[in-house]
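Look at the sequence and the model below. Then read on, and keep the structure in view as each part is described.

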Amino acid sequence: MSLKLAVPSKGRLMEKTFDWFAARGIGMRRSGSDREYAADVDGADLELLLLSASEIPRELQAGRIHLGVTGSDLVRERIPGWEQVVRELEPMGFGFADLVIAVPRIWIDVDTLDDLDAAAADFRAAHGFRLRIATKYHRLVREFLRDAGVADYQLVDSQGATEGTVKHLTAEAIADITSSGDTLRANHLKVLEDGLVHRSQAILFKSRKADWQPADRAALKNVLAKIGG
Ligand SMILES: Nc1ncnc2c1ncn2[C@@H]1O[C@H](COP(=O)(O)OP(=O)(O)OP(=O)(O)O)[C@@H](O)[C@H]1O
Ligand SMILES: O=P(O)(O)OC[C@H]1O[C@H](OP(=O)(O)OP(=O)(O)O)[C@H](O)[C@@H]1O
């Protein structure tokens, strides 16, 4: 067995990935103890690996896996020039989340990126340093704001609980994933009207960097026949 597929190792993404493949005749299940990251597969000639969703882009890039399921946000963020490195085989229709720019709700005159740009210039003049945007999506946010013409800001790194940084005075604005919007609301933040950076979902990716032996190509063909790709 040589065709390697990595899927998220826990939580809803793992469950929904298993369900998605099961509905297409490829059975996946965790094996071993509850805590062991091992999995079995039937219905396809695959070696299944359970990996952290955020590490799957790196493994695709290194060519250590042939296929991987992860969020489109993570691939775009973590692989420079991602289109040269991976190919999107199938959007899977779950794991939906929007990467957005949000500001304090009390900033009543800031509703758009243009407003943010103006507020950032005012902020710098008033405080002597650039308005801080907390995020873990540095690449995506920098590209988005560059294209939008917003320049007078700095990114501060936040690897979790990003919505809390405004309250804790370590940032003035944030860029993070939202799905229900509950976390933003609870932290008195609002999304800018044109502040959608990326609409993410789980995607089955193919590595262009992996070693594709004839047997791997044949195995992929069989998988694609089942999933209708
Ligand atoms: N409500 C949500 N909150 C966070 N991520 C979400 C949400 N909905 C979908 N996602 C997606 O799930 C993926 C992240 O999954 P997860 O948090 O399991 O990854 P991870 O960072 O690898 O976790 P860990 O490092 O703890 O194993 C991203 O692609 C993200 O867009
Ligand atoms: O719009 P909502 O439905 O409220 O979901 C969005 C929240 O969920 C995620 O956090 P998660 O709990 O995964 O932890 P994190 O802060 O470590 O990312 C994300 O970072 C947001 O904080």
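How many nonpolar, polar and charged residues does the shell around ligand 2 have? By class there are 2 nonpolar, 7 polar and 3 charged residues. Here Ala, Val, Leu, Ile, Met, Phe, Trp, Tyr, Cys and Pro count as nonpolar, Asp, Glu, Lys and Arg as charged, and the others, Gly among them, as polar.

This is a predicted model, in which local features need pLDDT of at least 70 and side-chain atom pairs count only at pLDDT 80 or more, while totals for chains, interfaces and linings use all residues. Residues are numbered from 1 along each chain as its sequence is written, and chains are lettered from A and ligands numbered from 1 in the order in which they are written.

**The chain as a whole**

The chain has 9 helices and 12 strands. Helices (H or I, at least four residues) and strands (E, at least two) are DSSP runs, numbered from the N terminus. The C-alpha trace spans about 65 × 35 × 25 Å along its principal axes. Of the 229 residues, 36% are buried. A residue is buried if 20 or more other C-beta atoms, placed from the backbone, lie within 10 Å of its own.

**Two domains**

The chain is divided into domain 1 (4-95 + 202-227) and domain 2 (97-200). These bounds come from an automatic or database domain assignment. The C-alpha centres of the two domains lie 32 Å apart. Their contact takes 6 residues from domain 1 and 8 residues from domain 2. Two residues are in contact if their C-beta atoms, placed from the backbone, lie within 7 Å. On the domain 1 side, H3 gives the largest share, 4 residues. By class, that side has no nonpolar, 3 polar and 3 charged residues.

**Two ligands**

A residue counts as near a ligand if its C-beta atom, placed from the backbone, lies within 6 Å of it. Ligand 1 has 14 residues around it, and Ser52, Ala53, Ser54, Gly71 and Ala97 come nearest. Domain 1 and domain 2 both give residues to this shell, so ligand 1 lies between them.

Around ligand 2, the residues include Gly160, Asp176 and Thr183. Strand S10 gives the largest share of that shell, 3 residues.

**Cores and strands**

In soluble globular proteins, nonpolar side chains tend to be buried together. A nonpolar core is a set of buried Ala, Val, Leu, Ile, Met, Phe, Trp, Tyr and Cys residues joined through C-beta atoms within 7 Å. The largest one here has 31 residues, and Leu5, Met28, Leu46, Leu48, Ile65 and Phe205 have the most contacts inside it. S12 supplies the largest share of this core, 4 residues. Apart from it lies another core of 25 residues, among them Ala120 and Val166.

Is strand S1 mostly covered or mostly open? S1 is mostly covered, with 5 of its 5 residues buried. S1 pairs with S4 (residues 47-51) in the parallel sense over 5 bridges. Two strands pair if DSSP finds at least two bridges between them. Leucine 5 stands opposite leucine 48 in S4. S1 also pairs with S5, again in the parallel sense, over 2 bridges. There, alanine 6 stands opposite glycine 68.

Notes
Buried ≥ 20, exposed ≤ 12 C-beta atoms within 10 Å, placed from the backbone.
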